Amino acid sequence: MQNHEDFIKDLTGYLKKSAEADSGKSAERLRKLVGQEKEPTPPSLFTPIRVGAFNLAHRVVLAPLTRMRSEMPGNVPGPAMVKYYEQRATRGGLLIAEATFVSRQGNGGFGSPGIENDEQAAGWRQVVKAVHAKGATMVLQLWHVGRVSHTSLQRNGEIPVAPSAIDAGLGVLLEGKPGPATPPRALETDEIAGVVEQYRAAARRAKDAGFDGIELHAANGYLIDQFLQDGSNKRTDRYGGSIENRARFLFEVVDAVTKVFPSDRVGVRIGPSNTFNEMHDSDPEALFSYVAAGLRDRKIAYLHVIEPRVKGNSVVNDHPPVAAANLKPIFGGPVIAAGGFDGKGAEGIVREGKVDMVGFGRHFIANPDLPRRLKEGLSLNPYRRETFYYGGDTGYLDYPTSDELETTAAA
Ligand SMILES: Cc1cc2nc3c(=O)[nH]c(=O)nc-3n(C[C@H](O)[C@H](O)[C@H](O)COP(=O)(O)O)c2cc1C
């Protein structure tokens, strides 16, 4: 038996076709019969949407943003982080918390928060509580940086790990200023299950802290991405070589965390055209199509895709860029696109049906009330790059809302 939703879907398709055939007369009659007054209008950024287990009132998503403002030592979310996320929470909004290390081994930034111990989870609990009080949904981005690390960030000054021991000449956010990464060692095959377990344990703590779900950080050249792309994965065991082998680590992690959260509370973020952290692959289209299909089969809540920085006929590492719109038909479920959007661009891509939601990074840093500003067409505060990662409360908690700007102007 067809369920009601499928029936309406079929009928909507039929209505469209018959409208074309008889210039709308019988479609009109049928629409009245099922109580559907008008032809379905394309969604906007402010059309509610169900994403996995989440009911969202709008599609302006807070992209995950490393801000390095946790309390040190300990990498514990404190009151400043509570305030920062609370400022950006809206009823029915989706906030993706910043990259949070699953273990000290996966730490790639001084002042980045962790979710490795109970103290860090307790700090996050206060953040989630404040965000939930404003009616928003919040997921935690789980992070293991792999080779993008430094001995000073590791427990007992250990050497960072990676799929392969490649010194890619990377930079890391160290205490006070960025510095060079420590060249990594390659993980032994029998160590990998332990790293997968780090993700599972972190998901468990995220759940205990009250998060609605998690997002796996599989983009931007961090550990999962290092396994996926053959520029950084030169392994000859079952985690390297073919696309199937290189995607194995990601899928093992997904399968581990979905033992903690149901799959409809787990998202995955990928960056198929990203070159940051010296990433490249010989066939990104084949690789990320395979990834999207594997995630479809696992029925995760959403696929989050960082858009290529180049458009049209340009190439990335000699390949045509792989955009969110290329992967949506393969994945089949809700897709978030992020990277370089303003309100107009975001509205356009959602209206065209190419993606379902848009993640905002830098504009959301500078505009705590971004959803309202986009909805009402208000102007945006400019962001200040120099305080993205360093600067305490400055550039973190002091960006005004449009109401605050009005009050200051009136005074
Ligand atoms: C300060 C800063 C920190 C970021 N931290 C993260 C992060 O923790 N995890 C992640 O997946 N992406 C991170 N990104 C990438 C953003 O989520 C986003 O994809 C990028 O900023 C492009 O979107 P935008 O043009 O709206 O800023 C970061 C970007 C910036 C500017």
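Okay, a definition to start: the axis of a helix here is a line fitted to its C-alpha atoms, over the stretch in contact, and the angle between two axes runs from 0 to 180 degrees between their N-to-C directions. Keep that in your head, because two packed helices are described by the angle between their axes and the distance between the axes. And one thing before we look around: this is a predicted model.

So, our first pair. Find helix H8, residues 284–297, and then helix H9, residues 324–331. How far apart are the axes of H8 and H9, and at what angle do they pack? The axes are 8 Å apart, and the angle is about 40°. Angles under 35 degrees would count as roughly parallel, and roughly perpendicular begins at 65, so H8 and H9 are oblique to each other. As for the handedness, H8 passes H9 in a right-handed crossing.

Who's touching whom? From the H8 side we have Phe288, Ser289, Ala292, Ala293, Leu295 and Arg296, and they meet Leu327, Ile330 and Phe331 of H9. Sort the residues of that contact by type and you get seven nonpolar, one polar and one charged.

Now stay on H8, but look at where it meets helix H7, residues 243–257. Here the axes come within 10 Å and cross at roughly 45°. That makes H7 and H8 oblique to each other too, and their crossing is right-handed. On H7, the contact is made by Ile243, Ala247, Leu250 and Phe251; on H8, by Ala286, Leu287, Tyr290, Val291 and Gly294.

Now walk along the loop between strand E3, residues 60–62, and helix H3, residues 79–88, where you'll find Pro73. The peptide bond from Met72 to Pro73 is cis, with omega near -5°. In that loop between E3 and H3 there's also Asn75, which isn't a glycine but has a positive phi of about 55°.

Is Asn75 buried or exposed? Count other C-beta atoms within 10 Å and you get 25. The cut-off for buried is 20 or more, so Asn75 is buried.

There's another asparagine to show you, Asn277, in the loop between strand E11, residues 266–270, and H8. Asn277 has a positive phi of about 60°, and again we're not talking about a glycine. With 22 other C-beta atoms within 10 Å, Asn277 is buried.

Next stop, Gly340. You'll find Gly340 in the loop between strand E13, residues 335–338, and helix H10, residues 343–351. Gly340 has 14 other C-beta atoms within 10 Å, so it counts as partly exposed. Which residues does Gly340 contact, if we leave aside its neighbours within four places in sequence? Those would be Glu307 and Arg309. Also, pick out Gly108: Gly340 and Gly108 are 232 residues apart along the chain, and their C-alpha atoms are separated by 24 Å.

Last thing, let's zoom out. The domain assignment gives domain 1 as 4–33 and domain 2 as 49–402. How far apart are the C-alpha centres of domain 1 and domain 2? They lie 41 Å apart.

That's my tour, thanks everyone!

How values were computed: Residues numbered from 1 in each chain as written. Predicted model: local features only at pLDDT ≥ 70, side-chain atom pairs only at ≥ 80, totals over all residues. Domains from an automatic or database assignment. Helix = DSSP H or I, 4+ residues; strand = E, 2+ residues; numbered from the N terminus. Buried ≥ 20, exposed ≤ 12 C-beta atoms within 10 Å, placed from the backbone. Parallel < 35°, antiparallel > 145°, perpendicular 65-115°, else oblique. Left-handed = near helix turned anticlockwise from the far one by under 90°. Contact = placed C-beta atoms within 7 Å. Nonpolar A, V, L, I, M, F, W, Y, C, P; charged D, E, K, R; others polar.
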